[in-house]
Amino acid sequence: SARAALEPLASAFGWTASVEGGAVVFSGRSGRIAARLVEDDLVPARDGRLVDIVRQQESELPRQISLGFIDGDNDFRPSVATAETGVVHSSRAETVSTAIHAPRGLARRLVETRLHDIWLARETFQFRLRRNLLRFQPGDVVEVPTQSGLRIVQITRIVDGDPREGD
């Protein structure tokens, strides 16, 4: 399927795909903050909280990631680039197999970036947006007010309803 073909590439290169107006839209890491949300933009949950924060355990995250690729520097032979974190509380390993044709240095940077991104994203933020904030899409980076101050998060999922929910 198209999804099965695109997911390893999205994982390796760090872009997201979303559907906007019936078309698939691909977006990468712009690093640009789309908006700074304020408390009035958010709808409280039943318990009154504006933002729910969940942190994964280190043991649930990969210690090592391997990326299968076609090595353009080595007669186009299949090869593997690996990145590892020094965190010892995790023994998990993850492998991403792709048909990416790349120099070894690029493959190494991609896998190091992917591992770094996974560890950065170990905290997830769930919040509910007021209905008039329809401009946000998965892939947008926003500042969200939390009890410990503003946090920069990337929207990965939106559930349309009243209110609109974002992760």
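Student: What makes up the buried part of the protein chain, and how many residues is that share taken from?

Tutor: Buried residues make up 33% of the 167 residues in the protein chain. The label buried means under 20% relative accessible area, with exposed over 50% and partly exposed in between, using a 1.4 Å probe and protein chains only. Keep in mind that this is a predicted model, where local features need pLDDT of at least 70, side-chain atom pairs count only at pLDDT 80 or more, and totals for chains, interfaces and linings use all residues. Residues are numbered from 1 along each chain as its sequence is written, and side-chain values use heavy atoms, with hydrogens and water left out.

Student: How do you know what counts as a helix or a strand here?

Tutor: Both are DSSP runs, numbered from the N terminus: helices are H or I with at least four residues, and strands are E with at least two. By that rule the protein chain has 2 helices and 12 strands. Read along the sequence, the pattern is α-β-β-β-β-β-β-β-α-β-β-β-β-β.

Student: Why is S9 said to be largely enclosed?

Tutor: 6 of the 6 residues of S9 are buried, so the rest of the structure largely encloses this strand. Val141, Glu143 and Pro145 point one way from S9, while Val142, Val144 and Thr146 point the other way, and all are buried. In a regular strand the side chains alternate between the two faces of the sheet.

Student: What makes S9 and S10 a pair, and in which sense?

Tutor: Two strands pair if DSSP finds at least two bridges between them. S9 and strand S10 (residues 149-154) have 6 bridges in the antiparallel sense, so they qualify under that rule. A hairpin of 2 residues joins S9 to S10. Strand S3 (residues 33-36) also pairs with S9, in the parallel sense over 3 bridges, and there Arg36 has Glu143 as its bridge partner.

Student: What makes a group of residues a nonpolar core?

Tutor: The group has to be buried Ala, Val, Leu, Ile, Met, Phe, Trp, Tyr and Cys residues joined through side-chain atoms within 4.5 Å. The largest such core has 16 residues, and Ile65, Leu67, Ala81, Ala107, Val111 and Leu115 touch the most other members. S5, strand S6 (77-84), strand S7 (92-102) and H2 each supply at least two residues of this core, with H2 giving the most, 6 residues. Apart from it lies another core of 15 residues, among them Val51, Val153, Ile155 and Ile158.

Student: How do you know whether a space is a cavity or a pocket?

Tutor: On a 1 Å grid over the protein atoms alone, a cavity is a set of points where a 1.4 Å probe fits but cannot get out, whereas a pocket is an open set with protein on both sides within 12 Å along at least five of seven lines; lining residues have an atom within 4 Å of a point. Points are joined across faces, edges and corners, and a volume is the space filled by probe spheres set on them. The whole structure has 1 cavity of 30 Å³ or more, and about 50 Å³ of space lies in the largest cavity. Its lining is Ser11, Ala12, Ile65, Ser66, Leu67, Val96, Leu110, Val111 and Arg114. Helix H1 (2-13), strand S5 (62-71) and helix H2 (104-120) are the elements that give two or more residues to that lining.

Student: What makes the lining of the largest cavity nonpolar, polar or charged, by class?

Tutor: Ala, Val, Leu, Ile, Met, Phe, Trp, Tyr, Cys and Pro count as nonpolar, Asp, Glu, Lys and Arg as charged, and the others, Gly among them, as polar. On that scheme the largest cavity's lining has 6 nonpolar, 2 polar and 1 charged residues. For the second largest pocket, with about 180 Å³ of space, the lining has 4 nonpolar, 3 polar and 2 charged residues.
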